[in-house]
Structure formats: structure tokens, C-alpha cells
Amino acid sequence: MYAGQYVFTQVTDYLPWHVFRQCVTRYDGEHQVKSFTCSDQFRSLIFAQLTWRESLRDIEACLRVQADKLYHMGFRCKQVSRNTMAHANAERDWRIYADFAQHLIRMARELYTDDTLPGIEDLKTVYALDSTTIDLCLSVFPWAPFRSTKAAVKLHTLLDLRGSIPSFIFISDGKMHDVNILDHLVPEAGAFYVMDRGYVDFERLARLDNARAFFVTRAKSNTKLKRRYSRPVDRSTGLICDQTVVLTGFYTHKNFGHPLRRVKYNDPETGKSLVFLTNNFDLPALTIARLYKYRWQVELFFKWIKQHLRIKVFFGTSENAVKTQIWSAVCTYLLVAIVKKRLAIKASLYEMLQIFSLTLFEKTPVLQLFSHPPTPESGATAF
């Protein structure tokens, strides 16, 4: 891999550029393009994410200072202009980067298939589903209405808990309710979907059940249930009850007529009593409680990308520009995750980003950058 190349080139060489060119061709991304190609645009966006640039002017200034190095970094344009970048972000189809991100997702998930979750090692596929809201100014982003005086976009994410790799991402305006994203999912038989109470819609959950997928969610306080059977539990573990129940509400029973499993658990850390509903009757009740606890990984994922990638301040105001930037951020996250696994780097993704931000223009082998033992990262994040 290393042959006197810049760190930026070494890292981006892990991208399957032939697939990227196929995505560009699919959406005619370079129609009447003379010099600033889609790959140049993508490299500029990756550079902005890795170095945390704040604006197009910032990107332009940094890359112009290093103009003599652009060719060896993979750029084919002589210089990067903010006006050219702004036009490309606004006009070139964001689906180029969305499709490419899907390919990177498949690559990353294959690399992390051997990762396991403590306490639930026997489960192969566990997803956490949630969304995060990115606030915008309504007068600047009128295409993303949220409230009367506010705009926003929502990032709906299905996170594969092995390696914290997003397996499905959907970007909507702020008005879209979380539960509607279940209409866009293709259920995977045998997989576990862990969700909070915002996704409790028994008609939609029935689709997961019919596809032989399993779900674990919190029960709403007004859910009408009737107990059919109670299994013995060890109360010293925090479990309060493990029951087989049926829905008794007119519409809920009509939409989901099969029995459900109700597990009540007292969290020793917070002292709160949590009630879980699932359509899986085989796992131990304590494993169901542990599964829901792992849902917090998707919250950590959102926190991480908001803190360490550029998805809160945007380089353009059009819908296409915003989605292009978000998908480029997702691609950057996946790229770093792929490099980490391929090179067996022990440093966290946070440490890798920090080191890359300072060394992109050096000609040091990537592995040499991480030759020192990583220091413990503050906080509970596993990234």
C-alpha cells in the first residue's frame, strides 16, 4: 500500500473507486463536466470531514495552499474553487454518494461479522433503530419544514450493533414521524430489531413478525394487555416478571393477533422499572433486557458523528447539497471503520480521526501513525 504516498492517498485507496465510477455513470453525474469531476468533489468532501473544515472557503484555502500536492492526492483538477464546489454540491445528484455509501456499508459489515456483543454472543444479527434531528434555520432551508418557526432534517438509522455500522439510513424532513420508517425497512428473517416506544405500531410490527424477524421494544403505558401465562424469574437479577400476553385493544388486537412476550425489569443503575414487549419466546428474559440496553449504541453513534463529523453546519442550503454532505460524512465514517479493521488498528475511530486531521499531507505509513499504544478515551463511547 505504502510507496511514498500521502496519508490522504493511503486512506482513500481503500475506497472501491470503480464502484464509485459506476454510481456516477448511473446518475449521469459528470454530464458536461470539464475539470472538477465527481471524484474530485468527493475527495474534497472527505478532506473536509477528516480535517473538520467549516465552510467552502475554508476548504478552498486549505487545498490551494497544497495545490502542488493535489495530483498525488488523487485530484485531477489543478485547484479547488469554492464556487465550483458549491455548484457541484447543489447540482450533482446526491444519490451518487448514497449508493456508494450502501456499497461501503456492505464492505464494512463483512469486516465486522466476527464482532460479538458481551452477554448475547450467540445472536448473529442485532439492529438498533432510532433517529436524530439536525436543526436548521427555516428561512435558509425552507424545503425542510419542522415547526412553524423551525426547519430540520431527520437521520433515520438502523445500526448493526456488531462494529456499530449503519446498515440503513434514510434522510427526511423533520416532520416525518419515526414510526413511518418501518415502511421503508426490508425485514431480515432471524434478525433482532431493538426500538424505543416511538416505533410501537402493531400493524407495522406485525410485518416484522410475518417476515420471521424479531423485535424488542418498550411498552407504552396505555397498552391494553391480558396475561395468559407467567414464567418463573430470578428476582435477584432485576427481573420482575416474564409473561405471555395478548393485546386486548380493538385495533391493536386486530393488527397483531398473535401472543406477545412481556418482560418487566428493574434497572439497578437507574432504579427504573422497564416493560419490554417482544415476539421472541426462546431467549432468556434477562437477555431481552440486555438487548434493549444495547439500543444505547445508536444514541452513541449519533452523538459521535455530530461531534466529530460535519453534519450540523452545511456547505450549501439546497436539499441536494445537504444530503450530499450527510452522505459524504457517512462514507467518511465507513472509510475510517474499514481502514481500522483492514489494518487491525487498535486505536478508536475518534483517535484515528484526530491523527488523520493532522497528518493527511505527510508521507508516513498509516500503520506507523498508530504504532504507539492508544490511550483510554474519556466517556462511555465505544467508537
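**Close-up 1. What the buried residues of helix α10 pack against in this predicted model.** The neighbours of these buried residues are the helices α3, α11 and α12 (349–359), together with the strands β1 (126–136), β3 (150–160) and β4 (165–173). Which residues of α10 are the buried ones? They are Q297, V298, L300, F301, F302, W304, I305 and H308. Residues three or four places apart on an α-helix point the same way, because there are 3.6 residues a turn. As for length, α10 covers residues 296–308, and its 13 residues should span 18 Å at 1.5 Å a residue.

**Close-up 2. Helix α3 crossing helix α11.** Here α3 (residues 38–51) meets α11 (residues 319–342), with axes that come within 9 Å and cross at roughly 70°. An angle from 65 to 115 degrees counts as roughly perpendicular, so that is how α3 sits relative to α11. On the α3 side, the contact is made by Q41, F42, L45, I46, Q49 and L50. On the α11 side, look for T324, Q325, S328, A329, C331, T332, L335 and V336. What kinds of residues make up the contact of α3 with α11? Eight are nonpolar, six are polar and none is charged.

**Close-up 3. T9 in helix α1.** Helix α1 takes in residues 7–12, and T9 is part of it. Is T9 buried or exposed? Its relative accessible area is 8%, and buried means under 20%, so T9 counts as buried. Leaving aside residues up to four places away in sequence, T9 touches H72 and M73.

**Close-up 4. P268 in the loop between β9 and β10.** The strands on either side of this loop are β9 (260–266) and β10 (273–278). P268 is exposed, with a relative accessible area of 63%. How far from G238 is P268 in space? The two are 6.9 Å apart, C-alpha to C-alpha, though 30 residues separate them in sequence.

**Close-up 5. Positive phi at Q32 and at A344.** Most residues other than glycine have a negative phi. Q32 isn't a glycine, yet it has a positive phi of about 60°. You'll find Q32 in the loop between α2 (17–26) and α3, where it is exposed at 70% relative accessible area. A344, also not a glycine, has a positive phi of about 55°. A344 lies in the loop between α11 and α12, and it is exposed with a relative accessible area of 62%.

Notes. Residues are numbered from 1 along each chain as its sequence is written. This is a predicted model: local features need pLDDT of at least 70, side-chain atom pairs count only at pLDDT 80 or more; totals for chains, interfaces and linings use all residues. Side-chain values use heavy atoms; hydrogens and water are left out. Axes are lines fitted to C-alpha atoms, for helices over the stretch in contact, and angles run from 0 to 180 degrees between N-to-C directions. Helices (H or I, at least four residues) and strands (E, at least two) are DSSP runs, numbered from the N terminus. Angles under 35 degrees count as roughly parallel, over 145 as roughly antiparallel, 65 to 115 as roughly perpendicular and the rest as oblique. Contact means heavy atoms within 4.5 Å. Ala, Val, Leu, Ile, Met, Phe, Trp, Tyr, Cys and Pro count as nonpolar, Asp, Glu, Lys and Arg as charged, and the others, Gly among them, as polar. The expected span of a helix is 1.5 Å times one less than its number of residues. Buried means under 20% relative accessible area, exposed over 50%, partly exposed in between (1.4 Å probe, protein chains only).
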